[in-house]
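Please keep the structure in view while reading.

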Amino acid sequence: MNADDYKFLQQLLRPFEGNAFDPSFIDNTQLNVAVGHPNEDIRTASLYLMNNLVEVNEGAVENILGQAVHDGNAFSVRTAAQFLAHCNPQRANRFFLLRVAILGRRREIMDEETQQLIDLMEQEDRVLFDSLEKEGRTPLTERDDLTERGNA
Amino acid sequence: MTQPPVDKMVVVVHGTFASKALWWRWPSPFTQYLDSLSGGTVYKGTDFFTWRARDYDKDRRAGAKDLAAWVQMHPARDLTIVAHSHGGNVVMIATRHGVKMNRLILLGTPIRTDYTPDLRNVDVLHNVYSFGDLTQTPTGTAPHCRGEGRTLGDSAKVINHLAQNGFIGPGHTELHDVNVWTANHFDQLVS
């Protein structure tokens, strides 16, 4: 653990100070960075933060995941896959399941978690996933794309 | 089906969010390292123990029951369990379900009041911690921190080990790194 990462992690974990979780201390910019950070401890801390945050503000976590998907770097996709695979499946937004599964499969990362995401999908999304795979596309840059195709 | 008892076995238990990780599964570098220290006794079967690993108390308690059943199906006369993070709490709860072990090695396990082990079922407990590990506490201990959340009370069968390297000590995930083990002579905990 180098000094910079340690300092960043200390700041990131402020919402846990006082042996309790206070979401008002969450810095969304820091959390966005943490999700795609090369340091595994920082990514793990981001998972703990999102896991607690989702209980009180699901929308905020969706925004974080949306940013992770938008960034699309290997670390952020990996963290999003880890979160979605371990969080309560009922909370897992179908857009994120599909998008992250596609990104994970395309980049050949976290293969088991990617598979778990596919397993968690509704049947119609699995059909969509298979067809997109067959077409060799990397679609779904917009939420509307999923809505349009998924409801077709 | 229950397997015939073996003389010695080493089992690695993962922590939160790590059920799909590879580091704790044979033949990862860490498990190969443990295998070399323990005379080739790391469990290598495909029906390895795992738990759901979400950050919920109910997952840890369910994992502990599953571990008790797994150990019953995989008996060993000499059992060592190496557990990372909340995986250590899964094992400590399992001791209350009667799981007996010769050595329990905790790596960065959040020490909490609600997961106190039944030490009658553990011959020796090595608790490895680091000041560079900020996941162990407060992230992992809230809201049931015991003491500072890192250490257990020292006794004849409980020994705390401070891991050191670099700036302030290894981070949470570095506690299962072979280089950290070598630098801190943790090989002695297993062999």
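In this predicted model, eight residue pairs are in polar contact across the interface of chain B and chain A, both residues of each pair being at pLDDT 80 or more. On the side of chain B that touches chain A, helix α4 (residues 135-139) of chain B gives the most, with three residues. Sorted by class, that side of chain B has 13 nonpolar, twelve polar and six charged residues.

The count of salt bridges between the two chains is one. Its partners are Glu112(A) and Arg25(B), whose closest N and O atoms are 2.8 Å apart.

The size of an interface is often given as the accessible area lost when the parts come together. Here the area buried between chain B and chain A is about 2500 Å², and carbon and sulfur atoms give 57% of it. In chain B, the residues that lose the most area to chain A are Phe17(B), Lys20(B) and Leu134(B), which together make up 30% of what that side buries. The contact involves 31 residues from chain B and 26 residues from chain A.

Two atom-to-atom distances across the interface are set out below.

| Group in chain A | Group in chain B | Distance |
|---|---|---|
| Glu112(A), salt bridge | Arg25(B), salt bridge | 2.8 Å between the closest N and O atoms |
| Gln82(A), side chain | Phe17(B), backbone oxygen | 3.0 Å |

The second row leads to a single residue. Gln82(A) lies in helix α5 of chain A. Is Gln82(A) buried or exposed? Gln82(A) counts as buried because its relative accessible area is 15%, and the cut-off for buried is under 20%. Apart from neighbours within four places in sequence, Gln82(A) is in contact with Leu47(A), Met110(A) and Glu113(A), as well as with Phe17(B). Its side chain reaches the backbone oxygen of Phe17(B), and Phe17(B) is one of the residues of chain B that lose the most area to chain A.

Another helix of chain A may now be considered. Helix α4 (residues 58-71) of chain A has 14 residues; from its first C-alpha to its last it reaches 20 Å, close to the 20 Å expected at 1.5 Å a residue. The buried residues of this helix are Ala60(A), Val61(A), Ile64(A), Leu65(A), Ala68(A) and Val69(A). Their cover includes α2 (28-35), α3 (40-56), α5 (74-86) and α6 (94-107) of chain A. After α4(A) comes Gly72(A), whose phi is positive, near 65°.

Notes
Residues numbered from 1 in each chain as written. Chains lettered and ligands numbered in written order. Predicted model: local features only at pLDDT ≥ 70, side-chain atom pairs only at ≥ 80, totals over all residues. Heavy atoms only, no water. Helix = DSSP H or I, 4+ residues; strand = E, 2+ residues; numbered from the N terminus. Expected span 1.5 Å × (residues − 1). Buried < 20%, exposed > 50% of the residue type's maximum accessible area, 1.4 Å probe, protein only. Contact = heavy atoms within 4.5 Å. Buried area = accessible area lost by both parts, 1.4 Å probe. Salt bridge = Lys/Arg side-chain N within 4 Å of Asp/Glu carboxyl O. Polar contact = N/O pair within 3.5 Å; in protein donor to acceptor, adjacent residues only side chain to side chain. Nonpolar A, V, L, I, M, F, W, Y, C, P; charged D, E, K, R; others polar.
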